[in-house]
Amino acid sequence: MHFTRTVAAVAVTFAISALAMPTSLRPIGSSLLPRGAEGDPFECPSGTAGAKQILLDAGAEPMDIAIAMLENGCAFKAAFTIGNNKVDDSAEIGVYRNNWHMLRDHCDHFAGAGPSEWKSRGQELHDDVVLATKCQRQLWSKLGESTYFGLQRGGASNPGAGVEYGNYCHKYLDFIQKGGHLSDNMATYYNVASM
């Protein structure tokens, strides 16, 4: 009986908090999606424009902003637990959700790190958008766009998987640049298959 009440209380609490949550705050990648069609603009909480500016001041390019928003919605920090239920070289880390293999092979900060150090060494980047941006820029510089997208989405075993992901990143970039959303609180949503 106690278990049933606890489960019911948790379900009611979740339902109430989901209903009370403004549309623009609903988490991307869950069943609670922003209102409107894929690609439609929606407003994030105030402060999103300032968060975009922090990334830009750290050296981010508009494509980096697109990737961060595609991966995390309105949250300009990693909106997932370090690793995202993956470990070693597959672990997803930081606001750009780079895998540990990419980071340790192509970001100078992690040169010489081993696959098993993803959590101990990666936590720093996971919590630091400035360091994440520095590494992101190194990845782009060293890998180029198509290899970056391939490794980002398919890892070393399936680099061809990045084509669709790259297309979505470019759609988001168009939303930012053509819509003038590089310095405001606006975002959009695209239903990208999970990695």
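1. Which helix gives the most to the lining of the second largest pocket? In this predicted model, that helix is H7 (residues 145-154), which contributes 4 residues to the lining. The pocket itself has a volume of about 190 Å³, and 14 residues line it, with Asp89, Ser90, Asn99, Gly154 and Gly155 lying nearest its centre. Sorted by class, the lining of this second largest pocket comprises 3 nonpolar, 7 polar and 4 charged residues.

2. Helix H2, which spans residues 48-57, has Thr48, Ala51, Lys52 and Leu55 as buried residues. Viewed down the axis of H2, these buried residues fall within an arc of 100 degrees, and therefore they line one face of the helix. Their packing partners are helix H3 (62-72), helix H6 (129-143) and strand S4 (186-187). Just after H2, the backbone at Gly59 adopts a positive phi of about 110 degrees.

3. Across the whole structure, a search finds 8 salt bridges. One of them joins the side chains of Asp184 and Lys52, with an N to O distance of 3.3 Å. This pair connects distant parts of the chain, since Asp184 sits in the loop between helix H8 (162-178) and S4 while Lys52 belongs to helix H2, and the two are 132 residues apart. Lys52 has a relative accessible area of 0% and is thus buried, so the cut-off to keep in mind is that buried means under 20% relative accessible area.

4. A salt bridge is also formed between Arg137 and Asp64, whose closest N and O atoms are 2.8 Å apart. Here too the pair links distant parts of the chain, with Arg137 in helix H6 and Asp64 in helix H3, 73 residues apart.

5. Through salt bridges with shared partners, Glu71, Lys86, Glu92, Arg97 and Arg153 are joined into one network.

Key:
Residues are numbered from 1 along each chain as its sequence is written. This is a predicted model: local features need pLDDT of at least 70, side-chain atom pairs count only at pLDDT 80 or more; totals for chains, interfaces and linings use all residues. Side-chain values use heavy atoms; hydrogens and water are left out. On a 1 Å grid over the protein atoms alone, a cavity is a set of points where a 1.4 Å probe fits but cannot get out, and a pocket is an open set with protein on both sides within 12 Å along at least five of seven lines; lining residues have an atom within 4 Å of a point. Grid points are joined across faces, edges and corners, and a volume is the space filled by probe spheres set on the points. Ala, Val, Leu, Ile, Met, Phe, Trp, Tyr, Cys and Pro count as nonpolar, Asp, Glu, Lys and Arg as charged, and the others, Gly among them, as polar. Buried means under 20% relative accessible area, exposed over 50%, partly exposed in between (1.4 Å probe, protein chains only). The arc is that of the directions from the helix axis to the C-beta atoms. Contact means heavy atoms within 4.5 Å. A salt bridge is a side-chain nitrogen of Lys or Arg within 4 Å of a carboxyl oxygen of Asp or Glu.
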